[in-house]
Amino acid sequence: MGNASSSHKVSAQDRAILDMKNQRDKLHQYQKRVTLVTDRETEIARECLARGDRSKALLALRRKKFQESLLAKTDAQLETLEQLTSNVEFALVQKDVLYGLRQGTAVLKQIHAEMGGIEHVEKLMGESEDAQIYQREISEMLAGNMSNQDEDEVEDELENLEEQVQGVKQSDTFSYPTAPDTTLEAKLGSDARRKIRAKERAKGQAHGQAMEPMLV
């Protein structure tokens, strides 16, 4: 009897595999729900650009990028953990797997909080005091959670949307041919433009720190 019961005992490896399956299932559920939110954020960015509000358009795209990055990172982490768990010498990587699962749980909670419903997304283009407070909170949260590469990809998407919106406007009304854009950034390639943006972001951060009251 003792041997039979021990053979059915759930091992740490079995529990880790089950936890990962649960996280994977939950992630797939979130991916479907977040897609509805990010699609609306893209539309909000387009609407803001159409009315000339570039800053709100940028905020909507930055939030969308952050949400997509959370999902992608969680998916990649789960794939890594699944590979570790399949290791014959599971005992050697058990601590790493358990730590990764705890991180995954925390990130899934963050993703769930980020979804927030369409009503929260609509605040990104609102003009009320409540909407403006929400926009500042989102902007401050994103400032410390997005890489330069993420920011560059957002700027590229914003530029593409601007071109689309301008194209629609020009097709709706007759206009004389516009003169070619001779600004420095227009002449540069994408890599050079990204370097310029990175410098501008660094200057903005340095200026913000300089404006903070100095401690005596």
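A charge counts as sitting over a ring if NZ of Lys or CZ of Arg is within 6 Å of the ring centre and within 35 degrees of the ring normal. With that in mind, select K123 and Y134: K123 lies over the face of Y134, 5.4 Å from the ring centre.

Some housekeeping before the next stop. This is a predicted model, in which local features need pLDDT of at least 70 and side-chain atom pairs count only at pLDDT 80 or more, while totals for chains, interfaces and linings use all residues. Residues are numbered from 1 along each chain as its sequence is written, and side-chain values use heavy atoms, with hydrogens and water left out.

**Colour by confidence**

Colour the chain by pLDDT, the predictor's confidence in each residue, from 0 to 100. The chain averages 75, and 66% of its residues reach 70 or more. Helix 6 (residues 129-143) has the highest confidence, with a mean of 90, whereas helix 1 (residues 2-7) has the lowest, at 48. Now select residues 207-216, where the pLDDT is below 50; this stretch has zero contacts in the model beyond near neighbours in sequence, a contact being heavy atoms within 4.5 Å. Where pLDDT is low, the predicted coordinates should not be read in detail.

**Switch to cartoon**

Of the contacts between residues at least 6 apart in sequence, 81% join residues at least 24 apart.

**Into the core**

Buried residues (under 20% relative accessible area with a 1.4 Å probe, protein chains only; exposed is over 50%, partly exposed in between) make up 31% of the 216 in the chain. A nonpolar core is a set of buried Ala, Val, Leu, Ile, Met, Phe, Trp, Tyr and Cys residues joined through side-chain atoms within 4.5 Å. Select I44, I111 and L124: in the largest such core, of 34 residues, these touch the most other members. Helix 2 (12-50) is among the helices that supply at least two residues of this core, and its ten residues are the largest share.

Zoom in on I44. Leaving aside neighbours within four places in sequence, its contacts are A60, V121, E122, L124 and M125.

**Two last pairs**

Is F66 buried or exposed? F66 is buried, because its relative accessible area is 4%.

R15 is partly exposed, because its relative accessible area is 47%.

Terms used: Helix = DSSP H or I, 4+ residues; strand = E, 2+ residues; numbered from the N terminus.
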